[in-house]
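Have a look at the fold, and then we'll pick out a few residues.

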Amino acid sequence: MKRCVLTQCLPICRMNLTEYIRGYANYTFEICPSGHNNTSDNPHVYMALLMGTIPIVKTSPMNALYLSLPVVIVKDWDEITPKAMRKWKRKFGKRLPSPGDPILPELSLEHWREKFIAFKN
């Protein structure tokens, strides 16, 4: 059974990259704090999605990037409770890839290429 939350700091401080990546198999969620002043994107969000883990982020100007993805957006970290995580797992769990599945279309280079072309035109 998967554990509830993977925080960035503990595995990175205690594990090498290979162990860290393997660790994703043990967790359902990853808390992904954003960068400076809550205004920058966090690459751990995309790593979590690619590894089949649901990222949890605080609301920020980056919200629009996550709307079509199985990403939990909270106003405050205190919203992360066992009850909320059960709800989020039901809501987003089926959208996550299993090992060997294709990646989510929104994470593909082709998806973003098409978006940029559409925006340019």
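Leaving aside its neighbours within four places in sequence, which residues is Asp41 in contact with? They are Tyr46, Met62, Leu65 and Tyr66, where contact means heavy atoms within 4.5 Å. Asp41 sits in the loop between strand E2 (27–31) and helix H3 (43–50); helices (H or I, at least four residues) and strands (E, at least two) are DSSP runs, numbered from the N terminus. With a relative accessible area of 28%, Asp41 is partly exposed; buried means under 20%, exposed over 50%, and partly exposed in between (1.4 Å probe, protein chains only).

A word on the ground rules: this is a predicted model, where local features need pLDDT of at least 70, side-chain atom pairs count only at pLDDT 80 or more, and totals for chains, interfaces and linings use all residues. Residues are numbered from 1 along each chain as its sequence is written, and side-chain values use heavy atoms, with hydrogens and water left out.

Now for the rings. The structure holds 2 aromatic pairs: rings of Phe, Tyr and Trp (its six-membered ring) pair if their centres lie within 6.5 Å, and planes under 30 degrees apart count as stacked, over 60 as edge-to-face and the rest as tilted. Phe29 and Trp88 pair edge-to-face, 6.2 Å centre to centre with 70° between the planes. Phe29 lies in strand E2 and Trp88 in helix H5, so this pair ties together parts 59 residues apart in sequence. The centres of the Tyr46 and Tyr66 rings are 6.4 Å apart and their planes at 45°, so that pair is tilted.
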